[in-house]
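Thanks, everyone; I would like to take a few minutes to walk through one structure, starting from the chain as a whole and then moving to individual helices and residues. Please keep the model open while I talk.

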Amino acid sequence: GRISARDSAREMADTHGIACTYAALILHDEGSDKSEANMIKILKAAKIDVPAMWTKLYAKALGSADMGELIDSCSNVQAGGGGGGGGGGDAPAAGGGGAAPAKAKAPEPEEEEEDMGFSLFD
């Protein structure tokens, strides 16, 4: 079917909002100020045309926000409750000493970001 003007406008608004969100995340990752000017620089570099209203809105909303805390609060959402577990499996079988506790896995080292020899804001 045909796409209405309302659907087209909604789709464009979604695109602008997503573009500004990514710009803010890039600025956070770089440790740069989430200002309107910096957002515009990123969006222009990506060849994304966003009306000034969007960059102003996002800069004002996120400018003083702790992006790390926002990201953590979104990524720490826990799934809804499942059913209860089965009956107690904690007691060892009769006559046995039980299994030895499993060794804890050593955490894997984090990947280091490769230095590309340039920065977005030099």
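Predicted model: local features only at pLDDT ≥ 70, side-chain atom pairs only at ≥ 80, totals over all residues.

Of the 122 residues in the protein chain, 16% are buried, where buried stands for under 20% relative accessible area, exposed for over 50%, and partly exposed for what lies in between, with a 1.4 Å probe and protein chains only. Residues are numbered from 1 along each chain as its sequence is written, and side-chain values use heavy atoms, with hydrogens and water left out.

The accessible surface of the protein chain comes to about 10,300 Å², and carbon and sulfur atoms hold 53% of that; the areas come from the Shrake-Rupley method with a 1.4 Å probe, and for residues only the protein chains shown count as cover. As for secondary structure, the chain has four helices and zero strands, which gives the pattern α-α-α-α when read along the sequence; helices here are DSSP runs of H or I with at least four residues, strands are runs of E with at least two, and the numbering starts from the N terminus. Among contacts with a separation of 6 or more, 58% join residues 24 or more positions apart, a contact being heavy atoms within 4.5 Å.

The axes of H1, residues 5-30, and H2, residues 36-45, come within 9 Å and cross at roughly 110 degrees, the axes being lines fitted to C-alpha atoms, for helices over the stretch in contact, with angles from 0 to 180 degrees between N-to-C directions. H1 is therefore roughly perpendicular to H2, since that label covers 65 to 115 degrees, with under 35 counted as roughly parallel, over 145 as roughly antiparallel and the rest as oblique. On the H1 side the contact is made by Ala19, Cys20, Ala23, Ala24, Ile26 and Leu27, and on the H2 side by Asn38, Met39, Ile42 and Leu43.

What does the largest nonpolar core contain? It has 13 residues, and those with the most contacts inside it are Cys20, Met39, Leu43, Val50 and Tyr58; such a core is a set of buried Ala, Val, Leu, Ile, Met, Phe, Trp, Tyr and Cys residues joined through side-chain atoms within 4.5 Å. H1, H2 and helix H3 (52-62) are the elements that give two or more residues to this core, and H1 gives the most, with five. Leaving aside neighbours within four places in sequence, Val50 is in contact with His16, Ala19, Cys20 and Leu43.

Now for the loops. Between H2 and H3 we find Lys47, whose phi is near 60 degrees, a positive value in a residue other than glycine, and which is exposed with a relative accessible area of 77%. Asp49 lies in the loop between H2 and H3 and is exposed at 71%, and its C-alpha atom is separated by 9.3 Å from that of Ala19, 30 residues apart along the chain. In the loop between H1 and H2 sits Ser35, which, neighbours within four places aside, is in contact with Leu27 and Ala59.

Finally, is Met67 buried or exposed? Met67, found in helix H4, residues 67-75, is buried, with a relative accessible area of 5%. Not counting residues up to four places away in sequence, Met67 touches Ala24, Leu25, His28, Lys34 and Leu62.
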